[in-house]
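Subject: Structure handover

Hello,

Here is the structure to look over. My notes follow below it.

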Amino acid sequence: MNGLLGIFWSGEEHVKKENEIGQEQKIKELEKWIGIYQGELETSQKETDIFRQRIKTFQKEIEYMRNMIYEMQVELRSIHRSVSWRMTAPVRKCASVCRMLREPRLLILKLRSMKYISASKYLIPKKIRKRIVNKYFGTYNAAFQPAHTAQEDEIFRLMERLEQEMKEDEKLLLVFSGVKYVDSEGQRGIRLIHEARKAGVKIIFAYWRWDVQEKLEPSEENLVKIPIDLLIQNRVFIFETYFQSIKHKCLLVEFPHPCVVQAIEIANSFGWKTVYDIIDDWEEFARFGQAQWYDKKAELRIANLVDANVATARVLKEKLAQDIVLDKPFQLISNGVDADRMKRTKKLPAYDFTRGALQIGYFGHLTDAWFDWKLMVRLAKKHTDWTFHIIGYGEPEKLKVPRNIILYGKKRPEELAKYAAFWDLSVIPFLNHALTRAVNPIKVFEYLQLRLPVVASYMPEIEGYPYVKVTKNEKEFERAILSCQKCKMDEQVLQTFICRNTWKQKWIEMAEWIDVLQKSAPFCQLWQKEYE
């Protein structure tokens, strides 16, 4: 047992040592530039404040990197003092098995393929065998199940096939996502990947699953789907073995789960560009019980480890930027709309749409964590001649609404235009709290694509959008609805806004910005150019 643990730790030690060497090199280069700038302060009075600010920034970076080195050294020290590490020392000196030691799971797969090893386990009674596995392997228990091993083999085959198909100058994007890839869904990550695939980018989509025995999602053209748990378990082997010849490769994280931290460290070690796409205020989601896995320290570690950060809203950018120790590039790229997808309609059976003085529509999630049901009910009771058409799912149990609020349930995206054809305007009635104030809702772009004026609760990010009225209380919300009855929309203004905010345009912005990140450039290249 100790021997197996020693083999497992040897792979972790390999990566931690590489990270430690990289951080020490960066520290030496920063200290060199601090010396240069201090010399400038002594010999010149010009740009004194600029030089002092740069020295202060570099000192903060050095402090952060030394903390990282200290953490890695503590972990390495605990590994080196273990009995299993000392027991496996003679094996590690053998050159023929060095590569195998870096990824212990590859060794386990090889051992399992040997007939006498596979057969020998049956010499141990089943109950005792199960007890040993549960006690000593813990969370790694799933890796020793035949079904899970077969999945690992399949993942390796998919990686090899994708690597063989790719040319050196092609682009590769590995995405960490909290949802499965469903092309018909409207999430930001899915839409960006959809556009990237059309542009010829190869995608590895790592998705979250709740059951390790769940079947693998089928891969598609330019798209390989793998569960996050398999990628994390084999992270050293995958990043080190595959795609070494590919020049343009990027790890895009939109799901800041704590398990992703070490994957980013390893990706950085093997030349991947790394980006964190901040799509929501995860801390607020956790407070409402929507993201119980969230760890703020892990998110901050991710934001400091990646080469750059992207945010969908200014509020998100400002909130996280103040806690980022290192001087990281930070870009604001809002959400968008798939104009063609919103135009497609599906033939529907005849619905009895209640006609009144005003038809008001909404589609999206209906949880009471952010949807203001009290506001909707009060308005419906006050204005009985208004009809509210609500499309979506997640409404509270035992919800009671007036007759002029019609709940249609969840509908497919291509069906929305058919329903919206009956509406006079659209609404986004969210509660006013920290979670909603950080939102850049995709539905606002979709409403405008459907040529509907929008009345929304307070969301700073969408203030200034054409034909969008942002309100701060119920009275303002009600007055905005009344004023929208006479709203005449300028087609040219709408068309210009939509063209700037399609998902295709957002992917172009993301791709161009990722290309600017010089992963292979010297650490202080930007400072050096300016200094020269």
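**Strand β9 and its sheet**

Six of the six residues of strand β9 (residues 386-391) are buried, so the strand is largely enclosed by the rest of the structure. Buried means under 20% relative accessible area, with exposed over 50% and partly exposed in between (1.4 Å probe, protein chains only). Helices (H or I, at least four residues) and strands (E, at least two) are DSSP runs, numbered from the N terminus.

The model is predicted: local features need pLDDT of at least 70, side-chain atom pairs count only at pLDDT 80 or more, and totals for chains, interfaces and linings use all residues. Residues are numbered from 1 along each chain as its sequence is written, and side-chain values use heavy atoms, leaving out hydrogens and water.

Trp-386, Phe-388 and Ile-390 point one way from β9. Thr-387, His-389 and Ile-391 point the other way.

β9 sits in an open sheet of six strands, ordered β10-β9-β8-β11-β12-β13, with parallel pairing. Two strands pair if DSSP finds at least two bridges between them. At the edges are β10 (405-409) and β13 (468-470), each pairing on one side only.

Now the neighbours of β9. Six bridges pair β8 with β9 in the parallel sense. There, Leu-358 stands opposite Trp-386. Four bridges pair β9 with β10, also parallel. Ile-391 stands opposite Gly-409 in β10.

β8 (residues 358-363) is also joined to β11 (residues 425-428) by two bridges, and these strands run parallel. Gly-361 has Ser-426 in β11 as its bridge partner.

Best regards
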